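I opened my notebook to record what I looked up in this structure, one topic at a time.

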Amino acid sequence: FASLWADHPATVSPLPDVRAFRELAHNYPRRLNEAAWDHRQREISRVSLLRHRPVKWDRGMRLVHMAGALIGSLHLEGALEDALERRLMGYERSPEATARFRSAPPTVLLTTGPFQFEQPAIAASAFRAGVKTLALIPSWDNISTKKRMLFKYDGYLVWSETQRRQLLERYPHTRDCPVYVIGAPQFDVFFQPRFRQTRQEFCAAQELDPSRPVIVYALGSPNFLRGEPYGAEEMARAIAGGELGDAQLLIRPHPIHDNAELDHRFSVFGPSVRVQRTSAPGTPLTARSQDENAIVEWVNTMRHANVVVNLSSTVTVDAALCDTPVVNLDYDPGPDHADDQLIKEINHTWTHFSPVAESEGVWLVNDRAEMIHAVRTYLQQPELHQQGRRWIVEHVCQYADGRCGERMADAVLDFADRVARRSEPSK
């Protein structure tokens, strides 16, 4: 990754090595804590997720889950989490990080992955060294769908007031911490001219005709909703059969899961159906990152699409930022329709997505015929639901001015200044 930063005034080094947790000493207590909070808070997104994607418990984990439910019913989840944090803090997962913080302690540690595996281990080393920590909640769904954050940070960065309220509700200790509303920094690229291509440039790179409408079908993670590619196939058949006039279809795989396996599947539909290359096939997951070329492709895919079709993903927000009409599936296009109910719940009950799905900023469709009708209508009336798309951007991102990175920098500086003032000796 250092090569990506060669032209920037930053020093880049690999993350320190991180050890795994111990199964009995750490993972069982973590699951106990999660079960207690899930039972106590009954977060609707987590309840739905666990019902449709149940964890395969062994006998020990079933007992842990039952014990967690009992602890939650007794309102003891806070005391349990405090004890768990002390236990996890005492386990050294990254001696390298600890050595770095002892030899050259920073004023502030900013973590952008408090829900991930590696970064909390590094944060623990910072806590033990007395370094104050600031945690960015990196996506709009993390608070309501992810497992519990392992540690209590000293401050937080969130996208919006909506997300701030969710954080204060789900994590009561944050009510005593500075919480900065900064917008979504990763979306600033949509407002920066250096990432923009003309329609001709973009279409040439994607082997598309700039004079014809472009429909983008954006796929989510195949690990979650396995029927998604069937929806893309339905759209590809419609394109190949001329149901949408001279429109073209660009299928955008999820960048993390793009291994070129879709090429053969969609090659049979002819030259009006293209599969985008969002990653180098075969690249290990840990080595994948968006370089400038990938950002240019992402931004211009949303800018130059005439309609974006997806299934309950953040792509909805990407498109809304560009005022591009969005069609969202409200059904499982897979042959067995196994996830129909889960998809309905995501669109109509999940905390982060249901306000967007029901905002009148997207067109929810219940089958193939409705999907084709919605796309055809948007091609004829692209201004339809424009006000709803603006609402989506404001609700999810708070700001749409390309200055969220500046707000983030200002928040980090303000937090560092608070830390410095506290450390000054009293007179």
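This is a predicted model: local features need pLDDT of at least 70, side-chain atom pairs count only at pLDDT 80 or more; totals for chains, interfaces and linings use all residues.

**Entry 1: helices α1 and α3**

I began with how a packed pair is described, which is by the angle between the two axes and the distance between them. For helix α1 (residues 23-41) and helix α3 (residues 59-73), I noted that the axes come within 7 Å and cross at roughly 45°. An angle from 65 to 115 degrees would count as roughly perpendicular and one under 35 as roughly parallel, so α1 and α3 are oblique to each other. I also noted that α1 passes α3 in a right-handed crossing. On the α1 side I listed the contact residues as E23, N27, Y28, R31, L32, A35, A36, H39 and R40, while α3 contributes G60, M61, V64, H65, A67, G68, A69, I71, G72 and S73. Sorted by class, this contact of α1 with α3 holds 9 nonpolar, 7 polar and 3 charged residues.

**Entry 2: helices α9 and α12**

Next I turned to helix α9 (residues 199-206) and helix α12 (residues 292-304), whose axes lie 10 Å apart and which pack at an angle of about 115°. The pair α9 and α12 is therefore roughly perpendicular, and α9 passes α12 in a left-handed crossing. I wrote down R199, F202 and Q206 from α9, which meet E297, N300, T301 and H304 from α12. By class, the contact of α9 with α12 divides into 1 nonpolar, 4 polar and 2 charged residues.

**Entry 3: the nonpolar cores**

Which residues touch the most other members of the largest nonpolar core? I found that they are V309 and M371, in a core of 71 residues. Setting aside residues up to four places away in sequence, I recorded that M371 touches Y217, G231, E234, M235, V309, V327, L329, Y331 and V365. There is also a second, separate core of 28 residues, and among its members I noted M149, V158, Y171 and V181.

**Entry 4: residue N328**

Is N328 buried or exposed? I placed N328 in strand β9 (residues 326-329), and then checked its relative accessible area, which is 0%. Since buried means under 20%, N328 counts as buried. Leaving out neighbours within four places in sequence, I listed the residues in contact with N328 as N310, L311, S312, T316, N347, F353, V362, W363, L364 and V365.

Terms used. Residues are numbered from 1 along each chain as its sequence is written. Side-chain values use heavy atoms; hydrogens and water are left out. Axes are lines fitted to C-alpha atoms, for helices over the stretch in contact, and angles run from 0 to 180 degrees between N-to-C directions. Helices (H or I, at least four residues) and strands (E, at least two) are DSSP runs, numbered from the N terminus. Angles under 35 degrees count as roughly parallel, over 145 as roughly antiparallel, 65 to 115 as roughly perpendicular and the rest as oblique. A crossing is left-handed if the near helix is turned anticlockwise from the far one by less than a right angle, and right-handed if clockwise. Contact means heavy atoms within 4.5 Å. Ala, Val, Leu, Ile, Met, Phe, Trp, Tyr, Cys and Pro count as nonpolar, Asp, Glu, Lys and Arg as charged, and the others, Gly among them, as polar. A nonpolar core is a set of buried Ala, Val, Leu, Ile, Met, Phe, Trp, Tyr and Cys residues joined through side-chain atoms within 4.5 Å. Buried means under 20% relative accessible area, exposed over 50%, partly exposed in between (1.4 Å probe, protein chains only).
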